[in-house]
Number of protein chains: 2
Amino acid sequence: MAEAPSTRVILVQEAVLDKNQAIGRSNRAMLDADGSLAVNLLSSPGSGKTTLLERTLRALSGQLTAAVIVGDLATDNDARRIGSTGCPVVQINTADICHLDAAMVSRALGELGRPLPRLVFIENVGNLVCPASFYLGEHRRVALMSVTEGEDKPLKYPTLFRTADLVLITKYDLAEAVEFDDVAALRAITASAPDAAVLRVSAKTGLGMEEWYAWLRAQRNKEDLHGDTSRGSSGIP
Amino acid sequence: MAEAPSTRVILVQEAVLDKNQAIGRSNRAMLDADGSLAVNLLSSPGSGKTTLLERTLRALSGQLTAAVIVGDLATDNDARRIGSTGCPVVQINTADICHLDAAMVSRALGELGRPLPRLVFIENVGNLVCPASFYLGEHRRVALMSVTEGEDKPLKYPTLFRTADLVLITKYDLAEAVEFDDVAALRAITASAPDAAVLRVSAKTGLGMEEWYAWLRAQRNKEDLHGDTSRGSSGIP
């Protein structure tokens, strides 16, 4: 008897996720061996991931080495913007695939070369659904929601927000112009991601950015990532 | 010999899309039989689909009957907002599925009851990737991009924009505040969707909304949708 199509899809999907998980663990082992913290940034298209990274990389420059792996269906616009900071960047074009997977990130880590830098940002494809299911080997997940998107996004996309260690409310300089309801947003975040930290930032004005950098440094401490001592590091940046 | 997992995924995906296409055609036949124009709205999360519909439904009320089918992973927030206009609305919760498919829309059309209203809006799941591949039986596709998302979205998500009949640039009241580059945006839209019409709107201030209503009426004329004459209609609204 023929299997129902829906059942087949689910079985194949599980096999794909199992394989992805295994490659993700291998990415993580490589990152850990080099004392590199990987941060997976997830959000809608246009929430400000690239602008956040541009300012962050400039601010951290000279303090700790960093690189970016950036996923888009098409174009290398983001890689060019990030490259202008002087930071190594690998652009992944996924064609019609709606998320990064661990195998894509594995190849990108290979292109960055060993030892890996202290901080590897992974800018995922702009999508609040599919990237949530794909572990890339990251230590932390950061979900961005801009004040222009509406306060209820964490309720409408709970799977992604549930996996976030930090929620960044971005474009906060526009909060007043769009009549952003901070209390409603916090309520929505707490409902979907009760354990996540929350920061309000504007990569345009600099608002909240110091707290974001402090959060990044704290994650390196928590993970006790001392890195490759042959690089002469004194430990935590 | 075992089939490679990637090959199996592609084969299953094609079968899923073929089945979806067949159900989409059957939805379309039902819509045509009732003289109902279906418009599929696609965008990022938070581009303003629901706010656009709220204002549109209030403006068209008394001129032509309309209903909304709205897709979200979770919550009935959008259905409640749209329901406040007095318009029939069916909320579909997709759980972890990143798009509406034709079977979901078929069930929703069944809930709306026959004859179908003159205009059926389908508010897809907020996602600029996956919904592009799933034909729902619609007559027209409208892609929304808000001025806050950045001008390059049509280049970065070409598959979805390529299928659009109309691109609505939304939240245009914020264009100045976010230093929106209209020329760059038009260049990006033209590159990905050379045949699409383009309108600038603000559902908050009303800017451009009359042009959007005129576009909707024109699509009904083009499709020659005279509808069910037993309803005593004089034809085109």
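## A guided tour of chains A and B

Begin by selecting B:T85: apart from neighbours within four places in sequence, B:T85 is in contact with B:E54, B:L57 and B:R58, where contact means heavy atoms within 4.5 Å. This is a predicted model, in which local features need pLDDT of at least 70 and side-chain atom pairs count only at pLDDT 80 or more, while totals for chains, interfaces and linings use all residues. Residues are numbered from 1 along each chain as its sequence is written, chains are lettered from A and ligands numbered from 1 in the order in which they are written, and side-chain values use heavy atoms, with hydrogens and water left out.

**Stop one: around B:T85**

Keep B:T85 selected. B:T85 sits in the loop between α3 (77-83) and β3 (89-93) of chain B; helices (H or I, at least four residues) and strands (E, at least two) are DSSP runs, numbered from the N terminus. Is B:T85 buried or exposed? Its relative accessibility is 18%, so B:T85 counts as buried. The terms are set as follows: buried is under 20% relative accessible area, exposed is over 50%, and partly exposed is in between (1.4 Å probe, protein chains only).

**Stop two: colouring by confidence**

The average for chain A is 91, and 90% of the residues score at least 70. Select residues 1-6 of chain A, where pLDDT stays under 50 and the model has two contacts beyond four places in sequence. Then select residues 228-237 of chain A: pLDDT is below 50 here as well, and the stretch has 20 contacts in the model beyond near neighbours in sequence. Where pLDDT is low, the predicted coordinates should not be read in detail. For the complex, the predictor gives an ipTM of 0.87 and a pTM of 0.90.

**Stop three: the nonpolar core**

Which residues touch the most other members of the largest nonpolar core? They are A:F161 and B:F161, in a core of 50 residues. A nonpolar core is a set of buried Ala, Val, Leu, Ile, Met, Phe, Trp, Tyr and Cys residues joined through side-chain atoms within 4.5 Å. In chain A, β5 (140-146), α6 (158-162), β6 (166-170) and α7 (182-192) each supply at least two residues of this core, and so do β5 (140-146), α6 (158-162), β6 (166-170) and α7 (182-192) of chain B. Select B:F161 and display its surroundings: beyond four places in sequence, its contacts include B:L128, B:A143, B:M145 and B:V167.

**Stop four: where the chains meet**

Show both chains together. The contact takes 36 residues from chain A and 36 residues from chain B. The size of an interface is often given as the accessible area lost when the parts come together. Chain A and chain B bury about 3,000 Å² between them, 58% of it on carbon and sulfur atoms; this buried area is the accessible area (1.4 Å probe) that two parts lose on being put together, summed over both.

How many salt bridges are counted between chain A and chain B? The count is six, a salt bridge being a side-chain nitrogen of Lys or Arg within 4 Å of a carboxyl oxygen of Asp or Glu. Select A:K156 and B:D72 to see a salt bridge whose closest N and O atoms are 3.5 Å apart.

Select A:T159, found in helix α6 of chain A. Its side chain makes a polar contact with the side chain of B:D96 (2.7 Å). A:T159 has 19% relative accessibility and therefore counts as buried.

**Stop five: backbone details**

Select A:R114 and A:P115, whose joining peptide bond is cis, with omega near -10 degrees. A:P115 lies in the loop between α4 (102-112) and β4 (119-123) of chain A. In chain B, the peptide bond from B:R114 to B:P115 is cis, with omega near -10 degrees.

Finish in the loop between β6 and α7 of chain B, which holds B:K171 and B:E179. Phi is near 55 degrees for B:K171, a positive value in a residue other than glycine, and phi of B:E179 is also near 55 degrees. B:K171 is buried, with a relative accessible area of 17%, whereas B:E179 is exposed at 58%.

Methods:
pLDDT is the predictor's confidence in each residue, from 0 to 100. A polar contact is a pair of N or O atoms within 3.5 Å; within protein, one must be able to donate a hydrogen and the other to accept it, and residues adjacent in sequence count only if both atoms are side-chain atoms.
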